[in-house]
Amino acid sequence: MIRILAALTILTLPTALAAQDDAAMVEDVVNSHILPRFEMLAERSDHLADIAQETCEATAPPLRTAYGEAFDAWVAASHLRFGPTEQDDRAFALAFWPDSRGATPKRLAELIADQDPIANIAEEYADVSIAARGFYALEFLLYDPAISTMGDATYRCQLVRTATQDIAATTAAISRDWHEDYAARMLNPAPDGTYRSENEVLRELFKSLTTGLEFTADTRLSRPMGSFDRPRPTRAEAWRSGRSARHVELSLDALNDLAIRMAGEGTDLASEFNTAFAYSQTRLARLDDPTFSGVSAAQGRLRIEVIEQGVQAIRTLARDELGPRLGVAAGFNSMDGD
Amino acid sequence: MHTGRRHFVGGLLAAGLIPKPTWADVGSPAYLAAAALPDGRYALCGIGAALDVLFQIPLPGRGHAAAARPTRPEAVAFARRPGTFAVVIDCLTGRATATLTAPEGRHFYGHGAFSADGNWLFTTENDFEAGQGRIGVWDVAAGYVRVAEWSSGGVGPHDIQRLPGTDMLVVANGGIDTHPDSGRVKLNIPTMAPNLAYITDGTVQQVAALPPALHKNSIRHMAISTRGQVAFAMQWQGGEDVVALLGTHRRGASSPVLMNAPAEALRAMRGYVGSVAFAPDDRRVAVTSPRGGLVQVYDTQAGHLIESHAVEDASGVAHARGGFAVTSGLGSFHRIGAVPESRQGSGRYTWDNHLIAITPDSA
């Protein structure tokens, strides 16, 4: 009995400390991981819209550079899919991908063929099909050999300007809502709040980490692999602009940052995460295949598969080690229901 | 036809050695549920009314729901979406007797239903290149042969059930478009439009939809009372607070009725219901939320929430004497809404999504 009581005391003490640690961790994640990413996204998108006003030529280097920088900022924040990004379908308006049935090129081709006047005003552009908005639509306008040369050049120019303004407006709204409203909700869980307890906040952050890893493994990496008999290199993300591998790199960097903050810098678990992330990151850096076109050959395919398995291993680490530590290690229905 | 059936049932019956087996011969399982095992394998289990596991049959992958064949102790366990297998199980011998594979270009959603006479099986499927829901029709007597395919009346059909005493099927078209090449990624949240579709013999007889403001409330699962009232549970895909997670509908009524609950109680469910069931009284309905760790019970006549129970990782729910039986992903069984309420361990089983009540020989 005494032994049981002693064991209970040992168990409860760290729990009280853990509560303080949890609050500090959430504050760190919100202030140093989340807010800077959405600020950066809004700034770079605003810059992109400005550049597009100056030069809307699809091949113009300043436009492509600004596009790449803004897209980078989105990918680095793309795992944070809750709250302001989900309001009014903003995340979808920025990133309509994967587009399994090719809705994006179809809608863009229709707009260009019809010279639809909706492309003249950014506020109205928010009403076009969501497939014709955001970074992936812009990639077609700037890099796709057919779409980027289709129809009337003046109209296409207007389309590029309007689409970038639309992106700028969406990202500004996300950043504003995070700063003015949602950060406070996460930092102050309350029984009548969006988050009723610290545990629910931890669960949200944990879910961002695990679903972010899942998306990178299953969609960014596995999807272009297709099957061994039928590799699908043109299903790689943003291959037209040569950004497929870069997106994996950016997302892993972002998820690594989040994992370390959640595990606690300097902890054994944090170093386990660093090791696990480094496994995929170093292999990706050595891959030298920006569009994952190598999936079509056995050798290249294997190398990408190894990276994907490395990401799956990070997921396992998060599920088996980080989840229980945060007290969010619920059964598989709560994290993965249907 | 007769030859096929005889062949399917097996030599024992054909030889007339024993009478045609019924559900009562199988140590009377009251429920079926898919589970994950500690070693990472998956199984379908038969569970008794006392909430004890009677048998366990291996599955080739993660299961979801199952359908019990009326008139005979046979069940079909379905792969979780986007899986393509379904396993026919002889609950008398505890063996798999056949495997169904979704046709090229289709995958299962995890649910199915039998016709009243048990001769046809209907499965919810995704025609993923078209992004349209389908109902696969299988000839049971011929050995589960795929014979036809119907429109489900929407996108992303999930649960499918039959109105008792009829061959009217009800399909929960969840509205969410997915494509297996992008796993479970939701492709059409901004434009999704869920509905309940009533189908007989390949013809959509009625489609009941939610008001436009609720178009992001994915109608995913259903429970049907013995009198044919459909209770449907939803999963909210919108950003803001959800206004309802449960509704009822009766075939012929113009629009569904949404059940009321305090905003607080809905928020506690995290916008998500995993399973839904009627109590034996045909009036109370229980909904589970693994994300909220809650089971909530509604009075469908009064039209509002009456009680909430904390059950961590609550997953399957089905009717039980006086109330409900609930499973959890942490491996426990619960009795709720009845006296006495109880909780018991089930040991090594991690229960998945659903607890399917077997209604013996009902049509």
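Two strands count as paired once DSSP finds at least two bridges between them. Strands of a sheet pair through backbone hydrogen bonds, and they can do so in parallel or antiparallel fashion.

Zooming out, the pair belongs to an open sheet of four strands in chain B, ordered 12-13-14-15 and paired antiparallel. Strand 12 (157-162) and strand 15 (203-209) take the edges; each has a single partner strand, so one side of each goes without a neighbour in the sheet. From one strand to the next, the twist averages 20 degrees.

How far can the model be trusted? Overall, it scores ipTM 0.74 and pTM 0.84. For chain B the mean pLDDT is 90, with 91% of the residues at 70 or more. Residues 1-16 of chain B are another matter: pLDDT stays under 50 there, and the model has 22 contacts for this stretch beyond four places in sequence. Where pLDDT is low, the predicted coordinates should not be read in detail.

On to the aromatics. Searching the whole structure turns up 18 aromatic pairs over all chains. As for location, A:F82 is in the loop between helix 2 (61-75) and helix 3 (90-94) of chain A, while A:Y182 is in helix 7 (residues 153-187) of chain A, so the contact ties together parts that are 100 residues apart in sequence. Both partners are tucked away from solvent by the accessibility criterion: A:F82 counts as buried because its relative accessibility is 4%, and A:Y182 counts as buried because its value is 9%.

Chain A also holds a cluster of rings linked pair by pair, made up of A:Y67, A:F71, A:W97, A:F135, A:Y136, A:Y143 and A:F215.

In chain A, the charged end of A:R283 sits over the ring of A:Y279, 3.8 Å from the ring centre. Chain B has its own example, where the charged end of B:R291 sits over the ring of B:Y272 at 4.0 Å from the centre.

How values were computed
Residues are numbered from 1 along each chain as its sequence is written. Chains are lettered from A and ligands numbered from 1 in the order in which they are written. This is a predicted model: local features need pLDDT of at least 70, side-chain atom pairs count only at pLDDT 80 or more; totals for chains, interfaces and linings use all residues. Side-chain values use heavy atoms; hydrogens and water are left out. pLDDT is the predictor's confidence in each residue, from 0 to 100. Contact means heavy atoms within 4.5 Å. Rings of Phe, Tyr and Trp (its six-membered ring) pair if their centres lie within 6.5 Å; planes under 30 degrees apart count as stacked, over 60 as edge-to-face and the rest as tilted. Helices (H or I, at least four residues) and strands (E, at least two) are DSSP runs, numbered from the N terminus. Buried means under 20% relative accessible area, exposed over 50%, partly exposed in between (1.4 Å probe, protein chains only). A charge sits over a ring if NZ of Lys or CZ of Arg is within 6 Å of the ring centre and within 35 degrees of the ring normal. Axes are lines fitted to C-alpha atoms, for helices over the stretch in contact, and angles run from 0 to 180 degrees between N-to-C directions.
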